[in-house]
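Please read this report beside the sequence and the model.

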Amino acid sequence: MPKPESFPIEKIFVPTKQKKAIKPEIVGEIAESMLDIGQQEPISVRLDGDRLVLVEGLHRLEACKALGETTIIGVIVPAEVAQHKPQLAERPEVEAERLKMARLKQLRLEKEAAEASIAGRKGVNGTEAPRTRPTKGVRDNPKASPGRTAKSTPKTLSDWITQQKGHGGRY
C-alpha cells in the first residue's frame, strides 16, 4: 500500500459527479471527530497531469476545508485502481442483488438461445408442423373478389400501402 503523504487541499480537483453526493451532516460529524482525534483515514487521489483528482474521501476533504486546513493526508493510487474501485462493495445486500440479476440475465440469454436453436433446426430439417389446408370457402373460389380473399399481414407501412393499391383500396 502506498505511503500516506500531505497534499495541499487547493490542488485537489473534485469531479462534479462527486460534488453532488456531499452530505453536510456527515461533513459536520467528521469535522468534529477530526477536532478530537485528528484524521485517521487518508483520502485517495490519482495524478492527472499536474493536478490531483479525488478518488475517495469527499467528506473527509470537505471536513478539512470546513476546519480551515490547508493540507490533508492522502495516498496516490494508480488510475487503473481508481477506475475499477467497487462503489457499493461494502454493502453485502447490494452485491447479492447484483449477482442475482446477473444470474437471471444469464438464464434469460440461455433460454433465448435455446429457443432460437430449436426454431433454426425446425426450419433447416423441415420438421415444421405440416400445414393444414384451409377450409373450403372464398379462397378456393376463383371468381371471388380480391377484397374477400385471405391476405397476408403486411410488415411495414409501405407494404400495406402497396397491398391497398393492388386491391383497389383507399388509404
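## A serine and its neighbours

Ser44 touches Val53, Leu54, Val55, Glu56, Val75 and Val77, leaving aside its neighbours within four places in sequence. Contact here means heavy atoms within 4.5 Å. Ser44 lies in strand β3. Its relative accessibility is 11%, so Ser44 counts as buried. The classes are buried, under 20% relative accessible area; exposed, over 50%; and partly exposed, in between (1.4 Å probe, protein chains only).

The model is predicted: local features need pLDDT of at least 70, side-chain atom pairs count only at pLDDT 80 or more, and totals for chains, interfaces and linings use all residues. Residues are numbered from 1 along each chain as its sequence is written, and side-chain values use heavy atoms, with hydrogens and water left out.

## The fold in outline

The protein chain has six helices and five strands. Their pattern along the sequence is β-β-α-α-β-β-α-β-α-α-α. Helices (H or I, at least four residues) and strands (E, at least two) are DSSP runs, numbered from the N terminus.

The protein chain has 171 residues, of which 18% count as buried. Take its contacts between residues at least 6 apart in sequence: 70% of them join residues at least 24 apart. The accessible surface of the protein chain is about 13,600 Å², and 55% of that belongs to carbon and sulfur atoms. Accessible areas come from the Shrake-Rupley method with a 1.4 Å probe; for residues, only the protein chains shown count as cover.

## The sheet

Strands of a sheet pair through backbone hydrogen bonds, either parallel or antiparallel. Here five strands form an open sheet with mixed pairing, in the order β1-β5-β3-β4-β2. β1 (5-8) and β2 are the edge strands, each pairing on one side only. Two strands count as paired if DSSP finds at least two bridges between them.

β3 runs parallel to β5, and three bridges join them. In this pair, Ser44 stands opposite Val75 of β5. β3 runs antiparallel to β4, joined by five bridges. There Leu47 faces Leu52 in β4. β3 and β4 form a hairpin with two residues between them, and Gly49 in the turn has a positive phi of about 70 degrees. β2 and β4 run parallel, with two bridges between them. Phe13 stands opposite Val53 in β4.

## The enclosed helix

Why is helix α3 largely enclosed by the rest of the structure? Seven of the nine residues of α3 (residues 58-66) are buried, so the rest of the structure largely encloses this helix. The buried residues are Leu58, His59, Arg60, Leu61, Glu62, Ala63 and Cys64. They pack against β2 (12-13), α1 (16-19), α2 (24-37), β3 (43-48), β4 (51-56) and β5 (71-76).

α3 lies across β2, β3, β4 and β5, and runs at about 120 degrees to β4. Axes are lines fitted to C-alpha atoms, for helices over the stretch in contact; angles run from 0 to 180 degrees between N-to-C directions. Gly68 follows α3 and has a positive phi, near 85 degrees.

## Salt bridges

Side chains of opposite charge can pair when their charged atoms come close. A salt bridge is a side-chain nitrogen of Lys or Arg within 4 Å of a carboxyl oxygen of Asp or Glu. The count by this rule is three.

Arg51 pairs with Asp48, with the closest N and O atoms 3.2 Å apart. Arg51 is partly exposed at 34% relative accessible area, and Asp48 is partly exposed at 32%. In α3, Lys65 and Glu62 are three residues apart, about one turn of the helix. Their salt bridge has its closest N and O atoms at 3.4 Å. Lys65 is partly exposed, at 40%. In helix α5 (residues 92-125), Arg108 and Glu112 are four residues apart, about one turn. Their salt bridge has its closest N and O atoms 3.3 Å apart. Arg108 is partly exposed at 43%, and Glu112 is partly exposed at 40%. An α-helix has 3.6 residues a turn, so residues three or four places apart point the same way.

## A nonpolar patch

Met101, Leu104 and Leu107 form a nonpolar patch on the surface, with about 300 Å² of accessible area together. Patches are made of residues with over 30% relative accessible area and no salt bridge; like charges are joined within 9 Å, and nonpolar side chains (Val, Leu, Ile, Met, Phe, Trp, Tyr) within 5 Å. Leu104 is found in helix α5 and is partly exposed, at 45% relative accessibility.
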